[in-house]
Amino acid sequence: MGDEPRRGVESDDFDRRLREAEAKARQRSGTEPTDRGRAEGMAVGLRIAVELAAAVVIGTAIGFGLDRWLGTKPLFLVVFFIVGCAAGFLNVYRTAQELDRRRRSQSERADGGPSRDGPSR
Amino acid sequence: MASPIEQFEIVPLVGGDSIVAITNSTVWMVIAATTATALLVFAMRGRALVPTRMQSLAEIFYEVIANMIRENVGSGGRKYFPYIFTLFMFILFCNVLGMIPGSMTVTSHIIVTFAMAAVVFIVVTVIGFMTHGLGYFRMFFPHGAPLWTAVILVPVELISYLSRPVSLSVRLFANMTVGHVLLKVIAGFVPLLGIFGILPFAFLIPLTILEIFIAVLQAYIFTILSCVYLHDALHMH
(Lines give C-alpha, C1' and ligand atoms only; values in the text may rest on other atoms or scores of the structure.)
Protein backbone atom coordinates (compact mmCIF):
# COMPACT_ATOMS: atom_id res chain seq x y z
CA MET A 1 0.00 0.00 0.00
CA GLY A 2 2.74 2.42 0.91
CA ASP A 3 4.50 1.68 -2.35
CA GLU A 4 2.78 4.31 -4.54
CA PRO A 5 3.84 7.54 -2.83
CA ARG A 6 7.33 6.30 -2.19
CA ARG A 7 7.90 5.53 -5.84
CA GLY A 8 6.76 9.07 -6.62
CA VAL A 9 9.30 10.49 -4.21
CA GLU A 10 12.01 8.31 -5.68
CA SER A 11 11.30 9.43 -9.23
CA ASP A 12 11.30 13.08 -8.06
CA ASP A 13 14.62 12.43 -6.43
CA PHE A 14 15.88 10.82 -9.62
CA ASP A 15 14.73 13.79 -11.73
CA ARG A 16 16.48 16.19 -9.39
CA ARG A 17 19.70 14.20 -9.50
CA LEU A 18 19.47 13.95 -13.28
CA ARG A 19 19.12 17.72 -13.57
CA GLU A 20 22.08 18.23 -11.26
CA ALA A 21 24.21 15.79 -13.20
CA GLU A 22 23.27 17.44 -16.48
CA ALA A 23 24.13 20.87 -15.11
CA LYS A 24 27.47 19.53 -13.93
CA ALA A 25 28.15 17.94 -17.29
CA ARG A 26 27.34 21.22 -19.05
CA GLN A 27 29.65 23.08 -16.70
CA ARG A 28 32.36 20.52 -17.33
CA SER A 29 32.12 20.93 -21.09
CA GLY A 30 32.69 24.67 -20.65
CA THR A 31 35.79 26.21 -19.17
CA GLU A 32 36.65 23.86 -16.33
CA PRO A 33 39.73 21.84 -17.36
CA THR A 34 39.29 18.09 -17.06
CA ASP A 35 41.80 15.34 -17.69
CA ARG A 36 40.17 14.74 -21.03
CA GLY A 37 40.26 18.45 -21.86
CA ARG A 38 43.93 18.62 -20.93
CA ALA A 39 44.75 15.61 -23.09
CA GLU A 40 42.87 17.15 -26.02
CA GLY A 41 44.55 20.53 -25.56
CA MET A 42 47.97 18.90 -25.49
CA ALA A 43 47.07 16.88 -28.55
CA VAL A 44 46.10 20.00 -30.50
CA GLY A 45 49.26 21.85 -29.45
CA LEU A 46 51.58 18.98 -30.29
CA ARG A 47 49.80 18.33 -33.54
CA ILE A 48 50.42 21.86 -34.80
CA ALA A 49 54.02 21.92 -33.53
CA VAL A 50 54.87 18.61 -35.18
CA GLU A 51 53.16 19.69 -38.42
CA LEU A 52 55.43 22.75 -38.60
CA ALA A 53 58.62 20.92 -37.66
CA ALA A 54 58.08 17.97 -40.00
CA ALA A 55 57.90 20.13 -43.13
CA VAL A 56 61.03 22.08 -42.14
CA VAL A 57 62.90 18.81 -41.51
CA ILE A 58 61.80 17.32 -44.84
CA GLY A 59 62.69 20.51 -46.72
CA THR A 60 66.12 20.71 -45.13
CA ALA A 61 66.74 17.01 -45.79
CA ILE A 62 65.86 17.42 -49.49
CA GLY A 63 68.16 20.46 -49.74
CA PHE A 64 70.98 18.64 -47.99
CA GLY A 65 70.57 15.60 -50.24
CA LEU A 66 70.53 17.69 -53.44
CA ASP A 67 73.66 19.55 -52.32
CA ARG A 68 75.52 16.34 -51.65
CA TRP A 69 74.41 14.90 -54.98
CA LEU A 70 75.18 17.98 -57.11
CA GLY A 71 78.03 19.39 -55.02
CA THR A 72 76.46 22.84 -54.73
CA LYS A 73 77.10 23.04 -51.02
CA PRO A 74 74.94 25.73 -49.45
CA LEU A 75 72.62 26.65 -52.34
CA PHE A 76 69.85 24.04 -52.20
CA LEU A 77 70.07 23.73 -48.41
CA VAL A 78 69.17 27.41 -48.07
CA VAL A 79 66.50 27.34 -50.79
CA PHE A 80 64.79 24.20 -49.52
CA PHE A 81 65.00 25.32 -45.91
CA ILE A 82 62.96 28.38 -46.85
CA VAL A 83 60.57 26.33 -48.98
CA GLY A 84 60.26 23.87 -46.05
CA CYS A 85 59.33 26.71 -43.71
CA ALA A 86 56.66 27.85 -46.17
CA ALA A 87 55.34 24.29 -46.38
CA GLY A 88 55.34 24.13 -42.57
CA PHE A 89 53.19 27.23 -42.32
CA LEU A 90 50.90 25.85 -45.01
CA ASN A 91 50.53 22.67 -42.93
CA VAL A 92 49.76 24.67 -39.79
CA TYR A 93 47.22 26.78 -41.66
CA ARG A 94 45.47 23.70 -43.04
CA THR A 95 45.48 21.96 -39.66
CA ALA A 96 44.03 25.00 -37.93
CA GLN A 97 41.39 25.33 -40.64
CA GLU A 98 40.41 21.70 -40.24
CA LEU A 99 40.30 21.88 -36.43
CA ASP A 100 38.16 25.02 -36.68
CA ARG A 101 35.76 23.32 -39.08
CA ARG A 102 35.47 20.30 -36.80
CA ARG A 103 34.92 22.42 -33.68
CA ARG A 104 32.25 24.46 -35.43
CA SER A 105 30.35 21.41 -36.67
CA GLN A 106 30.58 19.92 -33.19
CA SER A 107 29.20 22.98 -31.41
CA GLU A 108 26.45 23.27 -34.00
CA ARG A 109 25.44 19.71 -33.28
CA ALA A 110 25.48 20.40 -29.52
CA ASP A 111 23.31 23.50 -29.89
CA GLY A 112 20.82 21.68 -32.09
CA GLY A 113 21.52 23.57 -35.27
CA PRO A 114 22.82 27.01 -36.15
CA SER A 115 19.43 28.62 -35.40
CA ARG A 116 20.63 29.74 -31.96
CA ASP A 117 23.37 31.89 -33.45
CA GLY A 118 21.08 34.78 -34.40
CA PRO A 119 20.08 36.47 -31.12
CA SER A 120 23.31 35.72 -29.25
CA ARG A 121 25.45 37.80 -31.60
CA MET B 1 67.00 4.52 -9.46
CA ALA B 2 66.24 2.90 -12.80
CA SER B 3 67.00 5.00 -15.84
CA PRO B 4 63.83 6.54 -17.31
CA ILE B 5 64.67 5.31 -20.79
CA GLU B 6 65.45 1.76 -19.74
CA GLN B 7 61.81 0.84 -20.40
CA PHE B 8 62.29 1.40 -24.14
CA GLU B 9 65.17 -1.04 -24.48
CA ILE B 10 64.76 -3.79 -27.06
CA VAL B 11 65.63 -7.16 -25.56
CA PRO B 12 66.02 -10.11 -27.93
CA LEU B 13 64.23 -13.11 -26.46
CA VAL B 14 64.62 -15.72 -29.20
CA GLY B 15 67.20 -15.65 -32.00
CA GLY B 16 69.97 -13.72 -30.23
CA ASP B 17 71.72 -11.11 -32.36
CA SER B 18 69.98 -12.05 -35.59
CA ILE B 19 68.09 -9.16 -37.20
CA VAL B 20 64.93 -11.25 -37.23
CA ALA B 21 65.16 -12.08 -33.53
CA ILE B 22 61.94 -12.18 -31.56
CA THR B 23 62.22 -9.29 -29.11
CA ASN B 24 60.04 -7.96 -26.32
CA SER B 25 58.72 -5.46 -28.88
CA THR B 26 57.61 -8.30 -31.19
CA VAL B 27 55.95 -10.09 -28.30
CA TRP B 28 53.95 -7.01 -27.29
CA MET B 29 52.86 -6.38 -30.86
CA VAL B 30 51.61 -9.97 -31.06
CA ILE B 31 49.87 -9.55 -27.71
CA ALA B 32 48.19 -6.34 -28.93
CA ALA B 33 47.00 -7.95 -32.17
CA THR B 34 45.83 -11.09 -30.37
CA THR B 35 43.99 -9.18 -27.63
CA ALA B 36 42.22 -6.96 -30.13
CA THR B 37 41.18 -9.92 -32.27
CA ALA B 38 40.18 -12.03 -29.27
CA LEU B 39 38.11 -9.20 -27.80
CA LEU B 40 36.22 -8.59 -31.02
CA VAL B 41 35.69 -12.27 -31.88
CA PHE B 42 34.67 -13.19 -28.35
CA ALA B 43 32.43 -10.15 -27.89
CA MET B 44 30.58 -10.67 -31.16
CA ARG B 45 30.10 -14.42 -30.68
CA GLY B 46 26.57 -13.99 -29.30
CA ARG B 47 25.41 -11.66 -32.12
CA ALA B 48 22.52 -10.72 -29.85
CA LEU B 49 19.95 -8.13 -30.90
CA VAL B 50 20.18 -6.66 -27.40
CA PRO B 51 23.95 -6.58 -26.93
CA THR B 52 25.76 -7.72 -23.84
CA ARG B 53 28.30 -5.44 -22.24
CA MET B 54 31.19 -6.85 -24.27
CA GLN B 55 29.21 -6.77 -27.48
CA SER B 56 28.34 -3.10 -26.88
CA LEU B 57 32.04 -2.37 -26.49
CA ALA B 58 32.84 -4.02 -29.82
CA GLU B 59 29.93 -2.16 -31.44
CA ILE B 60 31.19 1.16 -30.05
CA PHE B 61 34.59 0.56 -31.68
CA TYR B 62 32.87 -0.27 -34.95
CA GLU B 63 30.59 2.76 -34.83
CA VAL B 64 33.37 5.20 -33.93
CA ILE B 65 35.39 4.17 -36.98
CA ALA B 66 32.34 3.91 -39.25
CA ASN B 67 31.32 7.47 -38.28
CA MET B 68 34.88 8.69 -38.69
CA ILE B 69 35.02 7.36 -42.23
CA ARG B 70 31.56 8.70 -43.08
CA GLU B 71 32.44 12.20 -41.86
CA ASN B 72 36.06 12.45 -43.00
CA VAL B 73 36.32 10.35 -46.14
CA GLY B 74 32.77 10.62 -47.42
CA SER B 75 31.59 8.68 -50.45
CA GLY B 76 33.79 5.83 -51.56
CA GLY B 77 35.35 5.47 -48.14
CA ARG B 78 33.38 2.40 -47.14
CA LYS B 79 35.64 -0.10 -48.83
CA TYR B 80 38.68 1.09 -46.86
CA PHE B 81 36.92 0.42 -43.55
CA PRO B 82 38.79 -2.85 -42.80
CA TYR B 83 42.19 -1.18 -43.17
CA ILE B 84 41.31 1.90 -41.09
CA PHE B 85 39.63 -0.25 -38.43
CA THR B 86 42.63 -2.59 -38.15
CA LEU B 87 44.97 0.39 -37.92
CA PHE B 88 42.92 1.95 -35.15
CA MET B 89 42.55 -1.24 -33.11
CA PHE B 90 46.24 -2.12 -33.37
CA ILE B 91 47.48 1.34 -32.33
CA LEU B 92 44.86 1.61 -29.60
CA PHE B 93 45.83 -1.73 -28.08
CA CYS B 94 49.58 -1.04 -28.39
CA ASN B 95 49.12 2.30 -26.61
CA VAL B 96 46.77 1.07 -23.91
CA LEU B 97 48.63 -2.18 -23.21
CA GLY B 98 51.76 -0.04 -22.85
CA MET B 99 50.13 1.54 -19.77
CA ILE B 100 50.36 -1.78 -17.90
CA PRO B 101 53.36 -1.54 -15.55
CA GLY B 102 56.24 -3.63 -16.80
CA SER B 103 54.89 -3.89 -20.33
CA MET B 104 56.51 -2.53 -23.45
CA THR B 105 55.00 0.37 -25.39
CA VAL B 106 55.85 -0.56 -28.96
CA THR B 107 54.52 2.76 -30.29
CA SER B 108 57.26 4.56 -28.35
CA HIS B 109 59.72 3.42 -31.03
CA ILE B 110 59.80 5.73 -34.02
CA ILE B 111 60.53 2.89 -36.41
CA VAL B 112 57.22 1.23 -35.49
CA THR B 113 55.16 4.39 -35.90
CA PHE B 114 57.08 5.37 -39.02
CA ALA B 115 56.46 1.98 -40.60
CA MET B 116 52.71 2.40 -40.03
CA ALA B 117 52.77 6.00 -41.29
CA ALA B 118 54.78 5.00 -44.36
CA VAL B 119 52.26 2.29 -45.20
CA VAL B 120 49.43 4.82 -44.85
CA PHE B 121 51.34 7.26 -47.08
CA ILE B 122 52.05 4.66 -49.78
CA VAL B 123 48.51 3.25 -49.71
CA VAL B 124 46.98 6.74 -49.96
CA THR B 125 49.29 7.77 -52.80
CA VAL B 126 48.56 4.57 -54.75
CA ILE B 127 44.81 5.05 -54.22
CA GLY B 128 45.16 8.65 -55.43
CA PHE B 129 46.91 7.60 -58.65
CA MET B 130 44.46 4.73 -59.17
CA THR B 131 41.47 7.05 -58.80
CA HIS B 132 42.69 10.05 -60.78
CA GLY B 133 45.49 8.63 -62.92
CA LEU B 134 48.14 11.21 -63.76
CA GLY B 135 45.63 13.90 -62.81
CA TYR B 136 46.64 13.25 -59.22
CA PHE B 137 49.67 15.46 -59.89
CA ARG B 138 47.25 18.40 -59.87
CA MET B 139 47.25 17.84 -56.12
CA PHE B 140 50.54 19.74 -56.04
CA PHE B 141 49.22 22.82 -57.79
CA PRO B 142 46.23 24.79 -56.44
CA HIS B 143 43.42 25.13 -58.93
CA GLY B 144 43.23 28.54 -60.61
CA ALA B 145 46.62 29.93 -59.55
CA PRO B 146 48.67 31.73 -62.23
CA LEU B 147 51.03 29.33 -63.99
CA TRP B 148 54.27 31.16 -63.11
CA THR B 149 53.61 30.65 -59.38
CA ALA B 150 54.16 26.91 -59.96
CA VAL B 151 57.90 27.51 -59.42
CA ILE B 152 57.19 28.32 -55.76
CA LEU B 153 53.93 26.49 -55.12
CA VAL B 154 54.87 23.05 -56.44
CA PRO B 155 57.92 22.60 -54.14
CA VAL B 156 55.93 23.92 -51.18
CA GLU B 157 53.01 21.57 -51.85
CA LEU B 158 55.37 18.69 -52.52
CA ILE B 159 57.21 19.16 -49.22
CA SER B 160 53.90 19.60 -47.43
CA TYR B 161 52.78 16.27 -48.95
CA LEU B 162 56.04 14.50 -48.12
CA SER B 163 55.98 15.76 -44.54
CA ARG B 164 52.75 13.83 -43.85
CA PRO B 165 54.32 10.48 -42.87
CA VAL B 166 56.91 12.31 -40.77
CA SER B 167 54.40 14.34 -38.80
CA LEU B 168 52.08 11.35 -38.48
CA SER B 169 54.78 9.10 -37.03
CA VAL B 170 56.61 11.69 -34.93
CA ARG B 171 53.37 12.79 -33.26
CA LEU B 172 52.46 9.31 -32.03
CA PHE B 173 56.03 8.43 -31.10
CA ALA B 174 56.67 11.70 -29.25
CA ASN B 175 53.43 11.52 -27.29
CA MET B 176 54.03 7.97 -26.11
CA THR B 177 57.73 8.42 -25.33
CA VAL B 178 57.34 11.72 -23.50
CA GLY B 179 54.45 10.41 -21.43
CA HIS B 180 56.28 7.28 -20.34
CA VAL B 181 59.54 9.11 -19.55
CA LEU B 182 57.59 11.63 -17.48
CA LEU B 183 55.80 8.89 -15.55
CA LYS B 184 59.10 7.13 -14.87
CA VAL B 185 60.90 10.31 -13.74
CA ILE B 186 58.11 11.29 -11.35
CA ALA B 187 57.90 7.72 -10.09
CA GLY B 188 61.67 7.79 -9.48
CA PHE B 189 61.15 10.59 -6.92
CA VAL B 190 58.81 8.48 -4.80
CA PRO B 191 61.47 6.23 -3.17
CA LEU B 192 64.06 9.04 -3.15
CA LEU B 193 62.03 11.44 -1.02
CA GLY B 194 61.15 8.97 1.73
CA ILE B 195 58.04 10.11 3.60
CA PHE B 196 57.61 13.12 1.29
CA GLY B 197 57.41 10.65 -1.58
CA ILE B 198 53.66 10.83 -0.99
CA LEU B 199 53.61 14.11 -2.96
CA PRO B 200 54.97 12.76 -6.26
CA PHE B 201 52.90 9.64 -5.66
CA ALA B 202 49.74 11.73 -5.42
CA PHE B 203 50.75 13.52 -8.60
CA LEU B 204 51.24 10.20 -10.39
CA ILE B 205 47.57 9.28 -10.12
CA PRO B 206 46.13 12.11 -12.28
CA LEU B 207 49.14 11.81 -14.55
CA THR B 208 48.40 8.12 -15.17
CA ILE B 209 44.78 8.98 -16.00
CA LEU B 210 45.99 11.70 -18.35
CA GLU B 211 48.35 9.22 -20.00
CA ILE B 212 45.50 6.76 -20.59
CA PHE B 213 43.47 9.54 -22.22
CA ILE B 214 46.47 10.42 -24.39
CA ALA B 215 46.95 6.76 -25.35
CA VAL B 216 43.36 6.55 -26.62
CA LEU B 217 43.37 10.02 -28.17
CA GLN B 218 46.59 9.51 -30.11
CA ALA B 219 45.28 6.26 -31.61
CA TYR B 220 42.18 8.23 -32.64
CA ILE B 221 44.21 11.10 -34.10
CA PHE B 222 46.47 8.79 -36.10
CA THR B 223 43.40 7.14 -37.59
CA ILE B 224 41.47 10.35 -38.25
CA LEU B 225 44.46 11.86 -40.07
CA SER B 226 44.75 8.72 -42.19
CA CYS B 227 41.08 9.29 -43.06
CA VAL B 228 41.75 12.94 -43.95
CA TYR B 229 44.63 11.90 -46.24
CA LEU B 230 42.41 9.24 -47.80
CA HIS B 231 39.77 11.90 -48.43
CA ASP B 232 42.32 14.10 -50.17
CA ALA B 233 43.39 11.18 -52.35
CA LEU B 234 39.80 10.31 -53.33
CA HIS B 235 38.38 13.80 -53.79
CA MET B 236 41.51 15.96 -54.25
CA HIS B 237 40.88 18.67 -51.59
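## Chain A: the overall picture

Helices (H or I, at least four residues) and strands (E, at least two) are DSSP runs, numbered from the N terminus. By that count, chain A has four helices and zero strands, and its pattern along the sequence reads α-α-α-α. This is a predicted model: local features need pLDDT of at least 70, side-chain atom pairs count only at pLDDT 80 or more, and totals for chains, interfaces and linings use all residues. Residues are numbered from 1 along each chain as its sequence is written, while chains are lettered from A and ligands numbered from 1 in the order in which they are written.

Of the 121 residues in chain A, 17% are buried (20 or more other C-beta atoms within 10 Å of the residue's own; exposed is 12 or fewer, partly exposed is in between, and C-beta atoms are placed from the backbone). Two residues are in contact if their C-beta atoms, placed from the backbone, lie within 7 Å. Taking the contacts in chain A between residues at least 6 apart in sequence, 55% join residues at least 24 apart.

## Helix H2 of chain A

Helix H2 of chain A covers residues 35-70, which is 36 residues. From first C-alpha to last it reaches 52 Å, close to the 52 Å expected at 1.5 Å a residue (the expected span is 1.5 Å times one less than the number of residues). Buried residues in H2(A) include Ala39(A), Arg47(A), Val50(A), Glu51(A) and Leu52(A). After H2(A) comes Gly71(A), with a positive phi near 70°.

## Helix H2 of chain B

Now to the other chain. Helix H2 of chain B (residues 53-72) has its end C-alpha atoms 28 Å apart, in agreement with the 28 Å that its 20 residues should span at 1.5 Å a residue. Its buried residues are Ile65(B), Met68(B), Ile69(B) and Asn72(B). They lie on the same side of H2(B), because they cover an arc of only 100° around the axis (the arc of the directions from the helix axis to the C-beta atoms).

What do the buried residues of H2(B) pack against? Their partners are helix H3 (81-97) and H6 of chain B. On the face turned away from the buried side sit the exposed residues Arg53(B), Ser56(B), Ile60(B), Glu63(B) and Asn67(B). Just after H2(B), Gly74(B) has a positive phi of about 80°.

## H5 and H6 of chain B

The axes of H5(B) and H6(B) come within 10 Å and cross at roughly 170° (axes are lines fitted to C-alpha atoms, for helices over the stretch in contact, and angles run from 0 to 180 degrees between N-to-C directions). H5(B) is therefore roughly antiparallel to H6(B) (an angle over 145 degrees). Among the residues making the contact are Leu168(B), Leu172(B) and Phe189(B) of H5(B), and Pro200(B), Leu204(B) and Leu207(B) of H6(B).

Phe189(B), in helix H5, counts as partly exposed because it has 16 C-beta neighbours inside 10 Å. Leaving aside residues up to four places away in sequence, Phe189(B) touches Gly197(B) and Pro200(B). Phe189(B) and Pro200(B) are eleven residues apart along the chain, with their C-alpha atoms separated by 6.6 Å.

## Where the chains meet

The contact takes 23 residues from chain A and 20 residues from chain B. On the chain B side, helices H5 (150-192) and H6 (198-235) each supply at least two residues, and H5(B) gives the largest share, twelve residues. This side of chain B divides into 15 nonpolar residues, four polar and one charged (Ala, Val, Leu, Ile, Met, Phe, Trp, Tyr, Cys and Pro count as nonpolar, Asp, Glu, Lys and Arg as charged, and the others, Gly among them, as polar).

Conventions
Parallel < 35°, antiparallel > 145°, perpendicular 65-115°, else oblique.
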